[in-house]
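This briefing concerns the structure shown below. The points that follow are grouped by topic.

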Amino acid sequence: MARYLTLATCQTGPIQRNATRRETVDRLIALLERAAAAGAELAVFPEMALTTFFPRWAMEDESEINAFYEAQMPGPETEALFAAARRLKIGFALGYSELIEEEGRLRRFNTMGLFGADGEMIGRYRKIHLPGSEAPEDGTTVHLERRYFEPGNLGFPVYSYRGVRVGLALCNDRRWPETYRMLCLNGAEVALLGYNTPLLLDEAPTLAHLRMFHNHLPMQAGAYQNTLWVAAAAKAGIEEGQSLIGGSCIIAPSGEIAALATTLGDEVIVHRADLDMIDVCRKVNFDFARYRRPKEYSLIAERAGPVV
């Protein structure tokens, strides 16, 4: 019997700093309603989908910083989104900033949660490849994720959603081949991904024309080389004066873009993913058990960068 999962990518336009959680949640609900009306069974929202991308600022005040985090999920201000999922009978993945007490201290993670159509959490992923720096650096776009988050400590888990194995990733993770290979080896058939990506980088203005190309290139390669479906949602448009790229997409295991967002605003794209295509692609080029040689790859796990 053929296997399908209808995926929706829910791209948002910019979320300004003065937007309330309730206003933002209302936008996400509207997107979820459009996804469900189009027949989607599982939707993905962007990274940090509940707030503006605050790591563009250097802040010191703890109460000011904590205002961007969720201490519980769902909380009083986000419960309406979960109620909508129950009403619409659709699961979703949501990127948010997580504040949690673990190991006797408060910890902060850049997190994506996977939630079922009953609104219950199925599992979560905490971003591993944190980009940027702890403090602003001259000549470099201010990007302080390493100031506000710890690296993820959950590995690359894969969860079951309606019998489909689903993995999660966030923004910079999409640029690293290890992300897709770890999800593949853990059995993922679908990878859900959210991102916030500036159009212009102070440190590399000559590469500006390649930003969208470099957005899709690693996701298409990751999908193809690991025989995965990839659904990726951007937060796009001009947010607090900074232009963010769109390009939200759904990519097949063949590496082809099956659906692509065309705006920089709130937009939903939907595609009925043929999960049997995974086996076809594995038969063609990627019979992992037959052809991979893990013993020859040990350096990948031992060395972070090239010899110089």
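Glu103 is exposed, with a relative accessible area of 67%. The model is predicted, and Glu103 is placed in the loop between β3 and β4. Although not a glycine, Glu103 has a positive phi of about 55°.

**Sheet around this loop**
- Strand β3 (residues 91-102) pairs with strand β4 (residues 105-115) in the antiparallel sense, over 11 bridges.
- Within this pairing, Phe92 stands opposite Phe115 in β4.
- Both strands belong to an open sheet of six strands with mixed pairing, in the order β5-β4-β3-β2-β1-β14.
- The edge strands β5 (121-126) and β14 (267-274) each pair on one side only.
- From one strand to the next, the twist averages 35°.

**Backbone geometry elsewhere**
- Arg162 also has a positive phi, of about 50°, and is not a glycine.
- The loop between β6 (158-161) and β7 (164-170) holds Arg162.
- Arg162 is partly exposed, its relative accessible area being 47%.
- Met73 and Pro74 are joined by a cis peptide bond, with omega about 0°.
- Pro74 lies in the loop between α2 (62-66) and α3 (79-88).

**Nonpolar cores**
- The largest nonpolar core has 46 residues, and those with the most contacts inside it are Leu7, Val166, Leu168, Leu192 and Trp229.
- Strand β9 (residues 229-234) contributes the largest share of this core, six residues.
- A second, separate core of 25 residues includes Ala8, Met73, Ala85 and Phe115.
- Of these, Met73 takes part in the cis peptide bond, while Phe115 is the residue opposite Phe92.

Terms used. Residues numbered from 1 in each chain as written. Predicted model: local features only at pLDDT ≥ 70, side-chain atom pairs only at ≥ 80, totals over all residues. Heavy atoms only, no water. Pairing = 2+ DSSP bridges. Helix = DSSP H or I, 4+ residues; strand = E, 2+ residues; numbered from the N terminus. Axes fitted to C-alpha atoms, helices over the stretch in contact; angles between N-to-C directions. Core = buried A, V, L, I, M, F, W, Y, C linked by side-chain atoms within 4.5 Å. Buried < 20%, exposed > 50% of the residue type's maximum accessible area, 1.4 Å probe, protein only.
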